[in-house]
Amino acid sequence: MPDVAIGEGREATAAPARAPRPGPSPALRATSVVLPLALLGTLLALPQLAGPFVLHIFILTFFTAALGVSYRPLLVAGQVSIVHGTLYAIGAYVLGILAVKHGVAFVPAVIAAGLIAVVASILIGLPSLRTAGAYFFLVTFAFSVVVLSLIENFPSLTGGFSGISGIPYPPGISNETDFFYLVLAAAAVVLGVFVVLDRSRWGLELRGLGGSPELAESVGVWRLATLLAAFAVGAFFAGMLGAFYASYIGFIAPQSFELWLSVSILTAAIVGGARYAWGPAVGAALITLVPETMQWQGAVSAIFGGVLVIATLMLFRRGIATEATDWIGARFGGWTRTLGERAAASRPAAPAVPHPEEPLDAGPGEVLLAVEGLDKSFGGVHAVDGVSFEVRSREVLGLIGPNGSGKTTTFNLISGFARADAGRVELAGASIARALPHRIVRHGLARSFQASATFEELTVLENVALAAAARGRNPVTRLLLPLARNRAALRTAWEVLELVGLADRADLEAGGLPYGEKKILGLAIALATRPRLLCLDEPATGMSDAEIAELIKVLRTIRARHEIALVIIEHRLAVIRELCDRVVALRSGALLMEGTPEEVLSHPEVIEAYLGGGDG
Amino acid sequence: MRKTAPRLVAIVSVFAAVITAALLAGCGSSSSSSGSSSTASGGEDGTIDYGLLTALSGSTASWGTAEKASDQIAIDEINKRGGVEVDGKKYKFALKTYDNGYDPTKTATVGRQAIEQDGIQFVENLGGGTVAAVQPIAERAGVLLFCSCSGSEFLGEDHPNTFRPYYDDAQSLASILQYFKQKNPSATHIAQIYTDDDVGHETIPLTEKPLEEAGLTSSVTYVPRDATELYPVLTKVLQDNPEAIDVGASPEGLYDGMVKQARELGFKGPFMFPDAFDFSSASKALPAGDLVGSLSAPCNLTAGSATGKKWAKAYEDMTGEEPQWWSAQSHDNVLLLAEAIEKAQSLEPDAVAEAMSEVSVEGATSGGGTVKYGGEEAFGLPRAFEVPYPVCEITPGGPGGRGVQKQVTKG
Amino acid sequence: MTLVQVLINGVVLGSTFALMAVGLTLIFGILRVINFTHGVLFMLGAYATWFLETRAGIPYLVSVPLAALAVGAFGVALELLVLRRFRGMLVEGAVVALALAVVIQNAAVLVLPSTPQTLTTPFDSTISSHGVVLSSQRAFIVVAAFALLTALALFISRTRLGRAVRALEQNVYAARLQGVDPDRVAPLVFGIGATLAGLAGALIAPLQALLPGAGDQPLLASFVVVVLGGMGSVGGTLVAALTIGIVQSGTTTYWTAPAAVATSFVLAIVVLVVRPQGFFGNA
């Protein structure tokens with residue numbers, strides 16, 4: 001929580017911006033192509049070099065790697081499940097039952113395995129991904145226990161503890177070597193699919209949700225759908241991989257799918273790191289090949305896995321592969337290409353004069369936002385008590401009041417982050433009182449946050465592009481398009497960055513920006529959704545005077561060029577005085593008064609409320 | 001990739017190749033050090049590797065420890081007397097253990113490691129639920145497989161190299177039931193509490209016939225193997241007023257709990273122990289008299305023979321723990337294998353397989369008699385242990401009123 | 001009389017679940033960490049009692065508190081050395097706790113005897129009336145559990161430290177403003193939770209044959225209890241523990257034992273879906 005001083009003139013004390021990455025190093029970049037190719041070449045030659053046992057170990061490693069890769073998207077979005085191994089088990093049993101008991105051909109059986117795993121994932125994901133926190137984790141955990149128990153205790157279907165044996169190889173596969181290539185190909189396909197998905201808008205949205213769920217929702221990310229998709233896509237691959245596994249091993253029994261399987265998938269993803277799609281594959285290789293190489297068995301091998309996880313999380317929190325890649329990138333210049341580099345072509349040559357993408361529905365002076373009788377209580381506290389006000393297009397409205405007077409709650413109510421107990425909220429005539437945040441932003445209302453202003457782990461350009469793309473007009477068709485090819489979104493993103501003066505920072509991680517620039521970036525994110533109404537929650541808090549002057553300039557430009565109406569919560573009354581056309585003052589959740597800045601700020605009751613409130 | 005730097009590319013490729021080679025070398029190291037050492041050439045003495053795939057981790061790790069100890073005892077004994085002689089050459093046995101985690105995937109992995117990588121010709125595997133994972137590998141490679149497989153589908157013509165060095169729980173229950181019915185002609189109903197795992201679920205169907213032959217009905221209940229609070233399950237079981245409780249192949253921790261808690265709940269009848277039952281340790285762990293009236297088969301066999309006593313002593317010396325009785329069968333199997341190799345005068349698994357049924361030893365579990373492979377009528381091939389099934393009854397008396405174990409039938 | 005016996009069996013089960021789950025829920029309330037080490041703490045409590053009684057010759061009733069305190073100290077060390085860094089981090093905290101549990105349990109497999117170990121208790125009689133039976137060790141467990149949980153509730157509601165714990169549970173930021181230092185309260189809470197888990201193990205040890213996996217089932221059961229009772233709610237946990245105990249006892253007796261755990265997990269899923277804050281939770 002910000003315990004930032006509210007007083008005027010606080011100097012910017014934030015850390016200096018991280019030095020720009022050294023220019024791309026062609027040599028190093030070449031390795032990012034050659035290294036995987038060399039690895040692939042070695043793997044392709046492996047059957048000529050090694051015996052069946054080594055192939056078997058590698059086949060199992062491929063399975064774990066592919067499972068880890070397909071599990072990762074949820075982890076990226078900040079959700080942990082203990083069910084991926086169970087979905088794999090479901091796939092294995094679907095194939096076992098269909099192929100052995102019903103003679104279904106291999107390919108349809110594999111697809112059925114994937115689809116049934118998807119159904120399972122939706123069954124558990126739909127109710128449990130709604131709520132944030134530990135519930136999804138606990139539901140998946142409980143589901144795994146139940147499924148395992150069902151497998152054990154329905155022998156007529158699953159063979160019970162005796163399992164299902166005699167599962168055939170896929171057609172055309174006659175030996176170990178064939179299977180080695182088959183599973184290698186399957187793992188490569190899974191990796192390829194997730195690398196592509198990772199670069200899409202959907203991939204970026206997942207990273208956004210992992211970094212700051214509220215901010216992501218506020219720019220138009222549909223949290224539930226995005227997470228559910230990640231869960232279901234992962235389940236689809238887990239189910240199919242399970243089917244391949246059943247066919248490979250020929251015999252499945254409950255003991256193969258204990259809870260520890262899900263835990264080891266999680267281990268692979270954590271050890272490798274979730275930042276890059278191939279991180280979990282590195283993790284899988286480490287946790288399977290090292291104990292095998294060292295000939296550790298049983299308890300010792302398990303201890304190795306556990307210690308590896310603890311050490312990774314304590315020393316390299318983002319995973320070994322992530323930290324290593326980023327270290328090489330920082331030390332030797334860009335190893336992997338950034339969005340800014342890939343999207344350089346879509347950067348306007350000269351700062352174009354931005355133009356609004358959508359015409360304003362409401363004419364000048366028309367009512368854009370109408371709030372009437374807004375009411376909200378938390379327990380016994382009446383946080384917002386019958387508040388009504390209006391915002392007209394191109395108007396700048398100040399919202400002031402002491403701490404706890406209900407300003408931020410009002411923002412939360414109109415932007416969909418909290419549901420009002422009573423009252424009406426209309427945006428350009430459409431009721432948005434019961435809509436979710438990602439719907440409201442499509443109506444043209446954007447907001448910024450006091451605290452989680454930016455996606456810290458995304459670059460500046462990614463921050464803004466995520467917002468521009470999420471708000472995009474044809475969201476579904478462009479969902480899987482690589483972001484670097486999403487011209488419309490990138491153009492908006494570049495424009496906004498030029499406007500706020502952050503274009504030169506495009507490839508820096510937002511977390512490394514100085515405080516003032518972070519606040520400006522937060523504003524840019526909201527702007528990138530091309531709003532008609534922008535609600536800013538303490539945009540100037542903690543900024544230096546110089547930064548405030550810059551902010552005011554930017555806000556004026558926005559207003560003039562884009563015809564955007566603004567609602568500003570701010571304690572720095574100078575900002576209110578300078579920018580606002582009208583001011584609404586709140587006290588204890590209720591409307592105190594409304595008028596021009598001069599009227600309101602000089603009103604004795606407002607002064608009294610502020611002094612009585614204890615901070616200025 | 002506009003400008004490539006060939007030198008760096010070369011370095012990285014070499015680097016990647018070295019890492020992969022190191023991994024391969026690591027995986028392959030066991031083969032280079034120990035592979036196919038059973039075919040020692042020249043006049044030198046050789047080694048016969050005996051591979052044990054068993055649970056050294058997880059909830060069944062204690063079984064693996066016992067099995068490993070018992071195999072080691074047999075191997076030490078064989079080696080002490082100079083090993084086995086084939087064609088004038090002396091071979092010593094060496095035990096190699098692999099952790100199968102009681103998990104089919106791991107079993108397939110270590111099975112391949114033992115058979116394909118390390119070239120082991122004689123492999124023992126623990127776990128009814130894991131046999132199906134290793135059996136195809138062993139049969140394909142023509143390797144002898146000794147398994148704790150209770151289902152009859154694992155033995156016979158289709159799997160000529162698979163052996164079961166364990167006696168049959170259904171047969172031992174049959175002996176117990178016969179004696180019980182003879183003693184209590186009016187008895188009609190017993191309860192069976194079996195473990196909720198592969199062993200329990202696979203054994204229950206096999207006990208239907210002996211129950212029918214004895215003219216008894218039963219109600220079957222499964223309990224998790226690691227269950228400790230048994231009041232709820234016993235409350236259920238005792239509702240039917242069973243005249244005896246058959247605890248199947250429960251591990252000792254579980255059957256001790258069942259006996260104690262069932263007595264607390266007022267059960268007066270006998271318990272039936274058709275699998276490994278250790279009177280000496282159970283009577284120490286339980287309140288005096290709890291076991292009186294209980295029946296077990298095959299009873300008291302390790303204590304009944306010199307080999308058995310020697311085994312038990314060696315087991316305690318080696319592990320510092322109470323012997324797990326059932327594992328003595330693994331010990332006997334290794335002794336039989338050594339005999340069979342000498343008999344066949346060959347290390348070829350097929351020849352040894354033939355000879356397995358032609359030899360017998362005075363094992364730790366034969367109660368003074370001999371252990372050998374039989375079961376031709378049941379499986380088509382002599383592939384399962386044939387032992388007598390004498391029944392023991394625990395009669396009142398003994399030190400502290402703990403009861404005395406007495407053999408009551410010849411078996 | 002079967003029904004009465006089923007209820008009594010359920011209360012016995014529930015009492016041990018309560019001892020485990022109350023620590024789990026307190027730790028979650030304060031550290032926001034799903035403490036997967038709770039099962040191994042239970043196991044360590046049982047083995048510590050076994051060691052003190054059979055190897056050091058200390059009487060059972062003295063061994064129990066000693067073992068529980070040793071486990072408590074171990075818990076404090078875990079918090080200070082490792083888990084502290086993951087406070088408030090749901091994903092990382094759960095994973096690191098799980099990894100710790102794996103390491104500790106497998107280390108136990110390597111170090112401890114592989115055969116089941118038993119120990120004896122002075123409470124070896126049974127109380128029976130009208131066909132309803134209770135062994136005195138079970139009665140002891142129920143009494144001890146209720147006494148301890150009452151003491152804990154009093155501690156939380158009456159002492160300064162207890163109020164600090166509650167304040168932290170509500171809101172870390174606000175608690176800090178009131179002068180509560182999470183760095184000092186968190187190890188204490190973890191220690192209390194660990195002590196209770198160790199105590200549960202120590203109390204149940206005489207009823208079972210000890211193996212290194214002894215804590216697995218209690219851990220699973222207490223997860224269900226915490227879900228049902230609501231994360232962070234002590235009173236809810238107690239009610240939920242008894243409910244789950246009776247549900248498991250009833251499922252086993254009137255249906256089948258293997259279904260008992262699965263049934264309670266189905267119940268947990270239903271509760272999570274219908275009422276995520278827990279059936280007895282209030283927030």
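Predicted model: local features only at pLDDT ≥ 70, side-chain atom pairs only at ≥ 80, totals over all residues.
Colleague: Which residues of α3(A) and α10(A) meet?

Modeller: On the α3(A) side they include A:L87, A:Y88 and A:G91, and on the α10(A) side they include A:A238, A:G242 and A:Y245. By class, this contact has 14 nonpolar and seven polar residues, with no charged residues. Glycine counts as polar in this division, and A:G91 and A:G242 are among the residues that meet.

Colleague: What is the angle between helix α11 of chain A and helix α13 of chain A?

Modeller: Helix α11(A), residues 259–272, and helix α13(A), residues 298–315, pack at an angle of about 35°, with their axes 9 Å apart. Their crossing is left-handed. The residues that make the contact include A:S264 and A:I270 of α11(A), together with A:L308 and A:T312 of α13(A). By class, the contact has five nonpolar and four polar residues, and no charged ones.

Colleague: Why does A:T325 count as buried?

Modeller: A residue is buried if 20 or more other C-beta atoms lie within 10 Å of its own. A:T325 has 21 C-beta neighbours inside 10 Å, and therefore counts as buried. This residue lies in helix α14 of chain A, residues 320–332. The C-alpha atom of A:T325 is separated by 9.0 Å from that of A:Y276, although the two residues are 49 residues apart along the chain.

Colleague: Why are β4 and β7 of chain A said to stand at the edges of their sheet?

Modeller: Four strands form this open sheet, in the order β4-β3-β6-β7 of chain A, and the pairing is antiparallel. β4(A) and β7(A), the latter residues 430–431, each have a single partner strand, so one side of each is left without a neighbour in the sheet.

Colleague: How do you know that β6(A) and β7(A) pair, and how many bridges join them?

Modeller: Two strands pair if at least two bridges are found between them. Two bridges join β6(A), residues 422–427, to β7(A), and the strands run antiparallel. In β7(A), A:S431 is the bridge partner of A:E426.

Colleague: How many bridges join β3(A) to β4(A)?

Modeller: Nine bridges join β3(A), residues 367–378, to β4(A), residues 381–392, and these strands also run antiparallel. A:S377 stands opposite A:H382 in β4(A). The hairpin of β3(A) and β4(A) has two residues between the strands, and A:G379 takes a positive phi near 60° there.

Colleague: What is the class make-up of the side of chain C that touches chain A?

Modeller: In this interface, 33 residues of chain C are in contact with 34 residues of chain A. The largest share of the chain C side, 15 residues, comes from α4(C). By class, the residues on that side divide into 30 nonpolar, one polar and two charged.

How values were computed:
Residues numbered from 1 in each chain as written. Chains lettered and ligands numbered in written order. Contact = placed C-beta atoms within 7 Å. Buried ≥ 20, exposed ≤ 12 C-beta atoms within 10 Å, placed from the backbone. Axes fitted to C-alpha atoms, helices over the stretch in contact; angles between N-to-C directions. Left-handed = near helix turned anticlockwise from the far one by under 90°.
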